[in-house]
Amino acid sequence: MRSRSVRALTAAVAVAVAVAVAAVLLAGCDRPAATVGPGGGVPGREAAQEARSAKGPTPTAQPYRRWGLTAPLPAPPSPPARRHLPAGDGPLPVVDRVPTRDKVVFLTYDDGAEKDPRFVDLVRELRLPVSMFLTDSVVGPGYGHFARLRSVGASMQNHTLDHAALRGLPYAGQRAEICGQQNKLRARFGIRPHLFRPPYGTYDTVTLRAAADCGVRAVVLWRAAMEGDGELTYAQGPRRLRPGDIVSVPSGEPTGMTLRDRTTRLLREIQRRGLTVGRLEDYV
């Protein structure tokens, strides 16, 4: 009697163990076993990591390389405590270079004829503090392009309404050209520029008086200019870039290099001379 009870109990225990083992095996079938991949990792985990990497790849190309430079531009020094405005006999100073020991030059762009969106990318990615001297009749309906440039750090300055040669014109005509563009830029951007460049670099004492009456702080010329073929010319002094030089880059010629191509060539020359790009409005 007792032996039959022991055998029954043993059988019951065996059944219970078998059920438990089966449950464990079934549970294991619900998910794949974690196998080791060729690199020693778990394939599922590696696949997830690859997916995340593909979704948000880590950038490897530096912006300066994308624009044809072999090294990044050095950061400009801190702005000077006061502006470097030369003393003049008239109501406004006229500058073609800034008297500074800082190893900077200043990039200025005239007219506003060329509206290449890739130039906006260049200014943004290289953080170029460029100054745009705009003529209303040249810019035409393209003010949106210059609003984008302004949003990435470019400054907007005055280059008259119609690009008229001002020297010899009566006061009323010169004032209308200068103040008219001040008003246009205020309506477009909410600013009244402090710098003015006369078309063709020609002016007289009437120009200086009219510009001062329109709220201009200084008349800006240039010592160096980059031509459509990418060559630098110099108005006076040494035939090389020096600290404080103001460089003029006119609008693109139909047969010349694009604005961004001329700019990258100019940046390579600036680097070759051990210089960088400063913000003109911090100095003038």
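Q: How many aromatic pairs does a search of the whole structure find?
A: In this predicted model, the search finds 3 aromatic pairs.

Q: Why are Cys179 and Cys214 said to form a disulfide?
A: Their sulfur atoms are 1.8 Å apart. A disulfide requires cysteine sulfur atoms within 2.5 Å, so the pair qualifies. The structure holds 1 disulfide.

Q: What does the link of Cys179 and Cys214 tie together?
A: Cys179 lies in helix H7 (residues 171–189), and Cys214 is in the loop between helix H8 (205–213) and strand S6 (218–220), so the link joins parts that are 35 residues apart in sequence. The link is left-handed, with -100° about the S-S bond.

Q: Why does Cys179 count as buried?
A: Buried means under 20% relative accessible area. Cys179 has 11% relative accessibility, so Cys179 is buried.

Q: Is Cys214 buried or exposed?
A: Cys214 has a relative accessible area of 2%, which is under 20%, so Cys214 is buried.

Q: What makes the charged end of Arg197 count as sitting over the ring of Phe133?
A: The charged end is 4.7 Å from the ring centre. The distance cut-off is within 6 Å, and the charge must also be within 35 degrees of the ring normal. Arg197 is listed as sitting over the ring of Phe133.

Q: Which kinds of residues form the lining of the largest pocket?
A: The lining divides into 11 nonpolar, 2 polar and 2 charged residues. Pro72, Leu73, Glu125, Leu126 and Arg127 lie nearest the centre of this pocket, which has a volume of about 290 Å³.

Note on methods:
Residues are numbered from 1 along each chain as its sequence is written. This is a predicted model: local features need pLDDT of at least 70, side-chain atom pairs count only at pLDDT 80 or more; totals for chains, interfaces and linings use all residues. Side-chain values use heavy atoms; hydrogens and water are left out. Rings of Phe, Tyr and Trp (its six-membered ring) pair if their centres lie within 6.5 Å; planes under 30 degrees apart count as stacked, over 60 as edge-to-face and the rest as tilted. Helices (H or I, at least four residues) and strands (E, at least two) are DSSP runs, numbered from the N terminus. Buried means under 20% relative accessible area, exposed over 50%, partly exposed in between (1.4 Å probe, protein chains only). On a 1 Å grid over the protein atoms alone, a cavity is a set of points where a 1.4 Å probe fits but cannot get out, and a pocket is an open set with protein on both sides within 12 Å along at least five of seven lines; lining residues have an atom within 4 Å of a point. Grid points are joined across faces, edges and corners, and a volume is the space filled by probe spheres set on the points. Ala, Val, Leu, Ile, Met, Phe, Trp, Tyr, Cys and Pro count as nonpolar, Asp, Glu, Lys and Arg as charged, and the others, Gly among them, as polar.
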